[in-house]
Amino acid sequence: MFCANVLAISMDMGFGLPAHGHLLRPPSPKVRHRACAKKRVVFADSKGLSLTSVRVFSKKEEKPHEEAPVSLRLKSLHWVGERVQGPRLRVGFAQPCVDIQAFQQRMRHSPVLLESCCVTERALVGTVRVWNLSYEKAVHIRITFDSWRTQQDVPCAFLQRCCGEPDTDSFSFHIAVPVALEAQQRIEFCVEYLPQGHSQAFWDNNDGNNYSLHVCD
């Protein structure tokens, strides 16, 4: 009865009934595999790309040069210039504050003392300690680079202190070193301190020997 109905419907619609046993058979696995495995081959030139790539190697492959920031380049040039142009100097005396107790003892008897000093190829820098005798003070470094044929008085700058000897003040100095110096010429300096209201200055001249610098060979 079921087969008759199916045959009647198929005849009315103009289709023939499939052969017996084909209604429930799945598609061939080989056919489905071939349909999924279909691939396309695309050449680079069809996409506008080059078919070849050429690279030339040198005997020694160098790393790409990375340009340093502007601030670092300027700093490097600055220090190179100092090393090339400036003379080599060294101090000819022991650092005054190496023995802090001895320095403090000297400070009780001396209104002005050189506290520290170092020299580079381009500048002489250091600090000075003075008694706080007045609010206004004038502190200078008197220095010569030619055995006292000429001299200059360089003012020192006041330093704000957080600690230190009571009733004392500190000053700093920065003195440019000439480019050309002769080894046979004496380079010496001393410290002058003139408090406000005093007519006579106080001096620290390293016990009459002055503080000396030497040109290195």
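At 22% relative accessibility, Asn206 counts as partly exposed, and this residue makes a handy way into the predicted model shown above. Asn206 sits in the loop between strand S9 (202-204) and strand S10 (211-215), and its phi is near 60 degrees, a positive value in a residue other than glycine.

- Although Asn210 is not a glycine, its phi is positive, at about 60 degrees.
- Is Asn210 buried or partly exposed? At 17% relative accessibility, Asn210 counts as buried, because the cut-off for that class is under 20%.
- Asn206, with 22%, counts as partly exposed.

**Strand S10 and its partners**

- S10 is mostly covered, with four of its five residues buried.
- Strand S1 (residues 89-91) pairs with S10 in the antiparallel sense, over three bridges.
- For a place to look in that pairing, take Arg90, whose bridge partner in S10 is His214.
- Strand S8 (residues 187-195) also pairs with S10, again in the antiparallel sense and over three bridges.

**The chain as a whole**

- The chain has four helices and 10 strands.
- Along the sequence these elements follow the pattern α-α-α-β-α-β-β-β-β-β-β-β-β-β.
- The chain has 217 residues, and 26% of them count as buried.
- Among contacts with a separation of 6 or more, 60% come from residues 24 or more positions apart.
- The accessible surface of the chain comes to about 16,600 Å², and carbon and sulfur atoms hold 57% of it.

**Salt bridges**

- Glu115 forms a salt bridge with Arg129, and the closest N and O atoms are 2.5 Å apart. This pair links distant parts of the chain, 14 residues apart, with Glu115 in strand S2 (residues 112-119) and Arg129 in strand S3 (residues 123-131).
- Glu115 is buried, with a relative accessible area of 11%, and Arg129 is buried too, with 5%.
- Arg142 forms a salt bridge with Asp153, and here the closest N and O atoms are 2.7 Å apart. Arg142 lies in strand S4 (residues 137-144) and Asp153 in strand S5 (residues 152-155), so the pair ties together parts that are 11 residues apart in sequence.
- Arg142 is partly exposed, with a relative accessible area of 22%, and Asp153 is partly exposed with 36%.
- The side chains of Arg186 and Glu188 meet in a salt bridge at 3.2 Å, N to O.
- Arg186 counts as partly exposed at 44% relative accessibility, whereas Glu188 counts as buried at 11%.

**Aromatic pairs**

- The structure holds six aromatic pairs, and two of them are picked out below.
- The rings of Phe93 and Phe189 have their centres 6.2 Å apart and their planes at 70 degrees, so this pair is edge-to-face. Phe93 lies in the loop between S1 and helix H4 (100-107) and Phe189 in strand S8, so the pair ties together parts that are 96 residues apart in sequence.
- Phe93 is buried, with a relative accessible area of 13%, and Phe189 is buried with 0%.
- The rings of Phe158 and Phe171 have their centres 5.5 Å apart, and their planes stand at 70 degrees, so this pair is edge-to-face as well. The pair links distant parts of the chain, 13 residues apart, with Phe158 in strand S6 (residues 157-159) and Phe171 in strand S7 (residues 168-176).
- Which class does each ring of that pair fall into? Phe158 is partly exposed, with a relative accessible area of 42%, while Phe171 is buried, with 5%.
- Phe93 and Phe189 belong to one aromatic cluster, together with Phe173 and Tyr211.

Terms used. Residues numbered from 1 in each chain as written. Predicted model: local features only at pLDDT ≥ 70, side-chain atom pairs only at ≥ 80, totals over all residues. Heavy atoms only, no water. Helix = DSSP H or I, 4+ residues; strand = E, 2+ residues; numbered from the N terminus. Buried < 20%, exposed > 50% of the residue type's maximum accessible area, 1.4 Å probe, protein only. Salt bridge = Lys/Arg side-chain N within 4 Å of Asp/Glu carboxyl O. Pairing = 2+ DSSP bridges. Contact = heavy atoms within 4.5 Å. Areas by Shrake-Rupley, 256 points an atom, 1.4 Å probe, with all protein chains shown as cover. Phe/Tyr/Trp six-rings, centres within 6.5 Å; stacked < 30°, edge-to-face > 60°.
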